[in-house]
Protein chains: 2
Amino acid sequence: MRDVAVIGIGQTPIGELWDLSLRELGANALQQAALDAGIEKPDALFVANMLATRLSNQAHLGTLVADYSGWRGIEASTVEAACASGGMAFQVAVRSVASGMIDVAAVCGVEKMTDETTAQITSALATASDADFEGAHGASFVALNALIMRRYMHEYKVPHPVFGAFSINAHQNAVNNPNAMFRKAISQAIYDRAPMIADPINLYDSSPICDGAAAIIIAPMEMARRLNKPVIRVRASASATDTLALADRTQPLALEAAASSARKAYAQAGVQPADMDVFEVHDAFSIMSALSLEAAGFAAPGTAPYRAQDGEYRLDGKLPISTMGGLKGRGHPVGATGVYELVDLITQLRGEAGLNQVQGAALGMTQNIGGTGATVVTHILERTA
Amino acid sequence: MRDVAVIGIGQTPIGELWDLSLRELGANALQQAALDAGIEKPDALFVANMLATRLSNQAHLGTLVADYSGWRGIEASTVEAACASGGMAFQVAVRSVASGMIDVAAVCGVEKMTDETTAQITSALATASDADFEGAHGASFVALNALIMRRYMHEYKVPHPVFGAFSINAHQNAVNNPNAMFRKAISQAIYDRAPMIADPINLYDSSPICDGAAAIIIAPMEMARRLNKPVIRVRASASATDTLALADRTQPLALEAAASSARKAYAQAGVQPADMDVFEVHDAFSIMSALSLEAAGFAAPGTAPYRAQDGEYRLDGKLPISTMGGLKGRGHPVGATGVYELVDLITQLRGEAGLNQVQGAALGMTQNIGGTGATVVTHILERTA
């Protein structure tokens, strides 16, 4: 097993990118990453995508993006695990390089959601849940998360306004990220009077429908050391699963896959939650931020929203999260999100986060969640000398 | 890098399986494979699937099948590369085990095609081609293959009846395979008067629309050696890509990704085409059998159909292909096909192919093709002492 390190990153701005096709988005992010890494082409490309087959009539995206990137002939495939596709593609790539069977791998998360109607998008997103026992009965993805949030509010007696701290922090951090979709701060008052999407989830509790692509190039550690830039080492790569259907869980607030993948990751890296300088959380919904923080050991059950309110997760807090705007402020192109989370973390570890830089960030973690917590991928990365 | 070996296989019969859902098909094949391997559960599951998001409203299939198999909590993801999904998922699994980051991996190819209308299936299959430059213009997948076959017939002056040998051989071999969809031999006369699907591709030049699942469990070599059964070692795992769109190729008959992945595989294993005892070819269409055999170095360009006619690819020939019926006779549940090819090869190498056993089969190869040759995965497996 070889140590693996990041040698390049790239991303497109996130938004309603009607002038760019799927292949163009992917190639744009990859070309930036290849330029950053100083490589001509990788040995293999792993594309993370969830919706192209439905929303763009396009499967076989790995090969299409490889070809359009000018890399005809290399290995290519698509990895999918709903909204955890990005983290999962990165895990597959890390292991491929660690195996010694290939040297340089590229990971590209790409999603194009905004070309279709809202009804089509909502229905496509529902494929992340159990089609026969959830989707077929009209449970949209927001509705499922609303059930979890309502249960959390009941169980732990947390009033809705307390969750606002997650949204306010994410939008604040998006202001200085040129690639973010919403570069505008919001206040508690704006959060409190936002329209409901699926009660109790309001507009700011949700992340937007959007397009975007992010890319990462990885290589064996010894190759990364030869480059003249900060070496970002992959310290841990762990994933775990839970039931796909929410109703099958005995403890819907426990997010067991998040807890289990975090435990495995801490063990791999030999670190504790308290060691983390940055945590890119999967804040697709406010409730998911809370559950992920609690499952990963950063907060006791029922306390994360209050910690958010106390400022603990702000850039100047104890554990900065969503540092470049998160899924809410930066955007959530679903299949690409896990790669964006990693790119944001790498940006922090390299010290290239500009006005949002977390001072002294050396060790950080991402948690990428698919479905209502059915698949969770945890990565721990570290800047090394 | 650790050596990797197969420790278990399983499969469902292929057909129009209206009484079995996607999750049931997958779990059935996996449970057989786990029983065969003598394991309770793997560390990770890699599901190969192409069409579930469109035809069954179900993404996130890795986690769903893991849960339904009784393996809640393990790692799971879906790997897609159109009809090469199965081979690609196996490659990803092999590297994951080779990396040392996990020990036991399960691969499950599963596809459920027959619940929808032919129009919906045809349109879903077209997502394997270039959506913007092929699919959008109404080029079905059979139509694209028809263009290639017509070009081949023109270029090499091969009359249509010569291709019949591929279909006759595949159907003959399917007769003794209890899992095959069509267990009925056909004659040259039946082939010659078959109705056209897309001229010059007739009914028997094509593989059927069907449902099915196949599974393989792999582990490090040292673990496989401790089991009391033939050890099937993965000697080579190589893949390569070409342009997605047929019109972008300078030599549409060269199948460059097949040639390149075969070359890499031979180099990894240190073998030659002439060493191969069995070759599970991707005979989705007769023309693909010819192109794959020629690209992989088993026949000179323009000669494979004549070699088929001479009996070279029959069970008693020099290089038996489609030994359990191939995609034509056994069936072609698209995302699962690459795994079925491997299961058929492993069955031969284990000496468990019954009436279809290739005597002394010790070294064999599979080639799994996505799109019109856009992604090709080549595996070489060997029975070792």
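Predicted model: local features only at pLDDT ≥ 70, side-chain atom pairs only at ≥ 80, totals over all residues.
User: How far apart are the end C-alpha atoms of helix 4 of chain B, and what span should its 14 residues have?
Analyst: Helix 4 of chain B covers residues 85–98. At 1.5 Å a residue, its 14 residues should span 20 Å. The distance between the end C-alpha atoms agrees, so both values are 20 Å.

User: How many residues of helix 4 of chain B are buried?
Analyst: Buried means 20 or more other C-beta atoms within 10 Å. Helix 4 of chain B is mostly covered. The count is 14 of 14.

User: What rotation superposes chain B on chain A?
Analyst: The shift along the axis is 0.0 Å, and the RMSD is 0.0 Å. The two copies are thus related as by a two-fold rotation axis. The same surface serves both, with 100% of the contact residues of chain B recurring in chain A. The rotation is 180 degrees.

User: Which residue of chain B comes closest to the rotation axis?
Analyst: Its C-alpha lies at 1.9 Å from the axis. The residue is B:S99.

User: Why is strand 1 of chain A largely enclosed, and which residue stands opposite A:Q11?
Analyst: In strand 1 (residues 4–11), 8 of the 8 residues are buried, so the rest of the structure largely encloses it. Strand 7 of chain A runs antiparallel to strand 1 of chain A, joined by 7 bridges. In strand 7 of chain A, the residue opposite A:Q11 is A:A214.

Notes. Residues numbered from 1 in each chain as written. Chains lettered and ligands numbered in written order. Least-squares fit on C-alpha atoms with pLDDT ≥ 70 in both. Contact = placed C-beta atoms within 7 Å. Buried ≥ 20, exposed ≤ 12 C-beta atoms within 10 Å, placed from the backbone. Helix = DSSP H or I, 4+ residues; strand = E, 2+ residues; numbered from the N terminus. Pairing = 2+ DSSP bridges. Expected span 1.5 Å × (residues − 1).
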